[in-house]
Amino acid sequence: MSLYIVKRTLLAIPLLLAVSFCTFVLIHLSPMDPAEVVLHAQGVPKITEELIAQTRAEFGMDRPFLVRFADWLLSCLRLDFGTSYVTGKPVWSLLWPAFVNTLNLTLVSIAAIIVLSIALGVASALREGGAVDRSVRGVSFVLTSMPAYWLGSLMIWFFSVRLDLFPTSGMESSKSYVLPALLITVNYAGIYFRVVRSSVLSNMNEDYALYGRASGLPESTVVRHIVRNSLGVAISVFCMAVPILLGSTVVVENLFAWPGLGTLSVNSILSRDFPIIQAYVLLLAAAFVLFNTLSDILNAALNPKLRNEF
């Protein structure tokens, strides 16, 4: 198992290098010169070619592309993502608090999603075609088809305005987590429960389940083995749900004025604050690579056959 972990970790290194290179290249495809963005952010009334050339030299934008990429990559390894063009503050000092806020919201949401998806998926599969199965699938279809901004607005109107139970925005207390986490859970649990349901149904028709019942094993024992074997697929899905939620909270955070990555990224895009955009994209891409690696390691721990296939 240790050898598998080492091999899988080493495989992630070239992926991270490729991701960092693509991130650096994409920013430089912008039609606006980064030097002009800096001057606009500083409120310079009249931008001349001399000022643009001076700004390029000041920020090292006149150096060869590969040299700039190597310096930027080495700085990122030290968590130094440069300076914001708009505020003049270090990018990490702006990114870290927003990342923590989004991560806290994501962890609360993913915990609720995992519990709800497994419970509904198992219950629905064990009663395939019954009233419970049809009801759960019908409700999940309706809720997941609703746009997040519309459903969130309804939640604010009902729970905050009419009932005055939860705050409408910000991070005032633990109650502030309820509506954003509930909105995320409703949107994603209806998707992930189908994965669990499909996996359980597939395992119910496997030979070991049929032999177990034929041998007279209690139904609870057979179901326990079915659920355990079905979680292999669920683990991969839930591991990848973390980076997906980190990058898809833009609507939720802006709707509830949550000071996280989604709000920071929108403001940075509107102001063309390239260093923050670069750091945001790199952080999310790295999260996808790392959680994909973690998913493979956990699956290999549960299924020894996967270790020999690497």
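Is Asp164 buried or exposed? In this predicted model, Asp164 has a relative accessibility of 63% and therefore counts as exposed, the cut-off being over 50%. The residue is found in the loop between helix H7 and helix H8, the latter covering residues 178–204. The backbone of Asp164 has a phi near 55°, a positive value in a residue other than glycine.

The overall architecture provides the setting for this residue. Along the principal axes, the C-alpha trace spans about 85 × 55 × 30 Å. Of the 310 residues in the protein, 39% are buried. Among contacts between residues at least 6 apart in sequence, 74% join residues at least 24 apart. The accessible surface amounts to about 16700 Å², and 66% of this area belongs to carbon and sulfur atoms. The protein carries 21 positive and 19 negative charges, whose mean positions are 10 Å apart.

A nonpolar patch on the surface is formed by Trp157, Phe158, Val161, Leu163 and Leu165, which together have about 470 Å² of accessible area. One of these residues, Val161, lies in helix H7, which comprises residues 148–162. Val161 counts as exposed because its relative accessibility is 54%, and the limit is over 50%. Ser160 also lies in helix H7. In contrast to Val161, which is exposed, Ser160 is buried, because its relative accessible area of 6% falls under 20%. When residues up to four places away in sequence are not counted, Ser160 touches Met155, Leu165, Phe166, Pro167, Thr168 and Leu179. Leu165, one of these contacts, is also a member of the nonpolar patch.

A positive phi occurs at Ala257 as well, with a value of about 50° although the residue is not a glycine. Ala257 lies in the loop between helix H11, residues 250–255, and helix H12, residues 261–271. With a relative accessible area of 45%, Ala257 is partly exposed.

Leu116 is found in helix H5, which covers residues 91–126. At 36% relative accessible area, Leu116 is partly exposed, because this value lies between the limits of 20% and 50%. The C-alpha atoms of Leu116 and Phe193 are separated by 7.6 Å, although the two residues are 77 residues apart along the chain. Leaving aside neighbours within four places in sequence, Leu116 is in contact with Thr185 and Ala189.

Arg197 is found in helix H8. Despite its charged side chain, which counts as positive, Arg197 is buried, with a relative accessible area of 13%. Arg197 and Leu120 are likewise 77 residues apart in sequence, and their C-alpha atoms are 7.9 Å apart in space. Not counting residues up to four places away in sequence, Arg197 touches Gly121, Ser124, Ala125, Glu128, Asp133 and Arg137.

Technical notes. Residues are numbered from 1 along each chain as its sequence is written. This is a predicted model: local features need pLDDT of at least 70, side-chain atom pairs count only at pLDDT 80 or more; totals for chains, interfaces and linings use all residues. Side-chain values use heavy atoms; hydrogens and water are left out. Buried means under 20% relative accessible area, exposed over 50%, partly exposed in between (1.4 Å probe, protein chains only). Contact means heavy atoms within 4.5 Å. Accessible areas come from the Shrake-Rupley method with a 1.4 Å probe; for residues, only the protein chains shown count as cover. The place of a charge is taken as NZ of Lys, CZ of Arg, CG of Asp or CD of Glu. Patches are made of residues with over 30% relative accessible area and no salt bridge: like charges are joined within 9 Å, nonpolar side chains (Val, Leu, Ile, Met, Phe, Trp, Tyr) within 5 Å. A salt bridge is a side-chain nitrogen of Lys or Arg within 4 Å of a carboxyl oxygen of Asp or Glu. Helices (H or I, at least four residues) and strands (E, at least two) are DSSP runs, numbered from the N terminus.
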